[in-house]
Amino acid sequence: NAEQSFEAELDGIVCSPKRLEYLRPMFSKDFLFVTPGIVFSKDEKYSGQEEVDTAENAIKHGADIIIPGRAITLGKTPKERQDRAYKIIKDISKYV
């Protein structure tokens, strides 16, 4: 759990993007939140992942590191994957 990790003086935790809004305010800015479960758009569905959100929302709610994974790799062509990565970077750039 996040509190135990903080008390053990770990550098941070892996955290669902859906829990960031609740957890981030409880810890110092030095405590890192690494966030998988990043989706390309709210409309996309990913099997096996229930607590997902967009990169923009994850950064807005305090993620320090995002792991977009499938948000990029589900693009059908190299060009589509490139375009997805670019859009993610563009979307989060206003928050960093």
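The sheet comes first. It is open and has three strands in the order β1-β2-β5, with parallel pairing. Two strands count as paired if DSSP finds at least two bridges between them. The strands themselves are DSSP runs of E with at least two residues, helices are runs of H or I with at least four, and both are numbered from the N terminus. For background, strands of a sheet pair through backbone hydrogen bonds, either parallel or antiparallel.

Before going on, a word on the source. This is a predicted model, in which local features need pLDDT of at least 70 and side-chain atom pairs count only at pLDDT 80 or more, while totals for chains, interfaces and linings use all residues. Residues are numbered from 1 along each chain as its sequence is written, and side-chain values use heavy atoms, with hydrogens and water left out.

Together with L32 and I67, I65 makes a nonpolar patch of about 230 Å². Such a patch joins nonpolar side chains (Val, Leu, Ile, Met, Phe, Trp, Tyr) within 5 Å, or like charges within 9 Å, using residues with over 30% relative accessible area and no salt bridge. Accessible areas come from the Shrake-Rupley method with a 1.4 Å probe, and for residues only the protein chains shown count as cover. I65 has a relative accessible area of 40%, so I65 is partly exposed. Buried means under 20%, exposed means over 50%, and partly exposed is in between (1.4 Å probe, protein chains only).

Now the interior. In soluble globular proteins, nonpolar side chains tend to be buried together. A nonpolar core here is a set of buried Ala, Val, Leu, Ile, Met, Phe, Trp, Tyr and Cys residues joined through side-chain atoms within 4.5 Å. The largest one has 17 residues, and I13, L23, F33 and I66 touch the most other members. At least two residues come from each of α2, α3 and α5, and α3 gives the most, with three. Setting aside residues up to four places away in sequence, L23 touches A2, I13, C15 and F33, where contact means heavy atoms within 4.5 Å.

Next, charges. How many salt bridges are found in the whole structure? There are seven, each defined as a side-chain nitrogen of Lys or Arg within 4 Å of a carboxyl oxygen of Asp or Glu.

D53 is in strand β4, K18 is in the loop between β1 and α2, and the two are 35 residues apart. D53 is buried at 7%, whereas K18 is partly exposed at 46%.

Another joins R24 and D64, with the closest N and O atoms 3.0 Å apart. R24 lies in the loop between α2 and β2 and D64 in the loop between α3 and β5, so this pair ties together parts 40 residues apart in sequence. R24 is buried, at 7%, and D64 is partly exposed, at 35%.

The remaining example is K79 with D83, at 2.8 Å between the closest N and O atoms. Both are in helix α5, and because they are four residues apart, about one helical turn separates them.
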